[in-house]
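Hello,

Here is the structure I promised to pass on. Please open it alongside this message; my notes follow below.

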Amino acid sequence: MTSYISHTTIDCHNAYELSEWWKPVLGYVDLEHDPNLPGHEECMIRDPETGHQVLFIEVPDDKVAKNRLHFDLMPRAGTRDEELARLLEHGATEFLDTRDKWGPGTGWMVLADPEGNEFCILRSQAERESAGQPRLYET
């Protein structure tokens, strides 16, 4: 017997605001039968293509160290650097730049959301393939 991941949960101070911030980042939407509203202590969003869900739950604790678990995001279209520019404009903050660390066109960017949760922006599949690197996932 095995288990599967039902959804990914992010502890936060304001579930509604953080779910609203992440929706355009990921292209996710509210659940049809349970829309998120201001004041909700639990807010779920889902990918309309894959069904993956992210749940934001309010907790009193502050984030005090580096995340032990984080998202590695890959642009659905465009390049890593185009996605980086979009997310910085959206309000993400730069945390660590490893672009070109292992040679031209390599590496990733570590960003943080409005509550300081780190996440990475990887190169797109097209960028990886043009550099002769394998696909990270099957579509």
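**The loop at aspartate 100**

Aspartate 100 sits in the loop that links strand 6 (93-97) and strand 7. Please keep in mind that this is a predicted model. Not counting residues up to four places away in sequence, aspartate 100 touches Gly105 and Thr106. Aspartate 100 and arginine 46 are 54 residues apart in sequence. In space their C-alpha atoms are 33 Å apart.

**Overall layout**

The protein has 3 helices and 8 strands. Along the sequence they follow the pattern β-α-β-β-β-β-α-β-β-β-α. The C-alpha atoms fill a box of roughly 45 × 35 × 35 Å along the principal axes. The radius of gyration is 16 Å. A compact globule of 139 residues would have a value near 14 Å, and the two agree. Buried residues make up 38% of the 139 residues. Now the contacts with a separation of 6 or more: 53% of them join residues 24 or more positions apart.

In what order do the 4 strands of the open sheet lie? The order is 1-4-3-2, and the pairing is mixed. Strand 1 (8-12) and strand 2 are the edge strands, as each pairs on one side only. Helix 1 packs on this sheet and touches strand 1, strand 2, strand 3 and strand 4. The direction of helix 1 makes about 15 degrees with that of strand 3.

Here are the pairings, one by one.

- Strand 1 and strand 4 run parallel, joined by 5 bridges. Cysteine 12 has glutamate 58 in strand 4 as its bridge partner.
- Strand 3 and strand 4 (residues 53-58) are antiparallel, over 5 bridges. Here isoleucine 45 has valine 54 in strand 4 as its bridge partner.
- Strand 2 (residues 29-30) and strand 3 are also antiparallel, over 2 bridges. Aspartate 30 stands opposite isoleucine 45 in strand 3.

Strand 3 (residues 42-46) is mostly covered, with 4 of its 5 residues buried. Strand 3 and strand 4 also form a hairpin, with 6 residues between them. In the turn, glycine 51 has a positive phi of about 85 degrees.

**Helix 2**

Which residues of helix 2 are buried? In helix 2 (residues 80-90) they are Arg80, Glu83, Leu84 and Leu87. These residues lie on the same side of helix 2, because they cover an arc of only 105 degrees around the axis. An α-helix has 3.6 residues a turn, so residues three or four places apart point the same way. The face turned away from the buried side carries the exposed residues Glu82 and Glu89.

What covers the buried residues of helix 2? The cover includes helix 1 (15-26), strand 7 (109-112), strand 8 (118-121) and helix 3 (125-130).

Glutamate 83 deserves a look of its own. This residue lies in helix 2. Why is glutamate 83 called buried? Its relative accessible area is 14%, and buried means under 20%. Leaving aside neighbours within four places in sequence, glutamate 83 is in contact with Val25, Pro75 and Ile121.

Glycine 91 follows helix 2, and its phi is positive, near 120 degrees.

**The nonpolar core**

The largest nonpolar core holds 22 residues. Trp22, Phe56, Leu73, Leu111 and Phe119 touch the most other members. Strand 1, helix 1, strand 3, strand 4, strand 5 (71-73), helix 2, strand 7 and strand 8 each supply at least two residues. Which element gives the most to this core? Helix 1 does, with 6 residues.

Best regards

Technical notes: Residues numbered from 1 in each chain as written. Predicted model: local features only at pLDDT ≥ 70, side-chain atom pairs only at ≥ 80, totals over all residues. Heavy atoms only, no water. Buried < 20%, exposed > 50% of the residue type's maximum accessible area, 1.4 Å probe, protein only. Arc of directions from axis to C-beta. Contact = heavy atoms within 4.5 Å. Pairing = 2+ DSSP bridges. Axes fitted to C-alpha atoms, helices over the stretch in contact; angles between N-to-C directions. Core = buried A, V, L, I, M, F, W, Y, C linked by side-chain atoms within 4.5 Å. Rg over C-alpha atoms; globule rule 2.2 N^0.38 Å.
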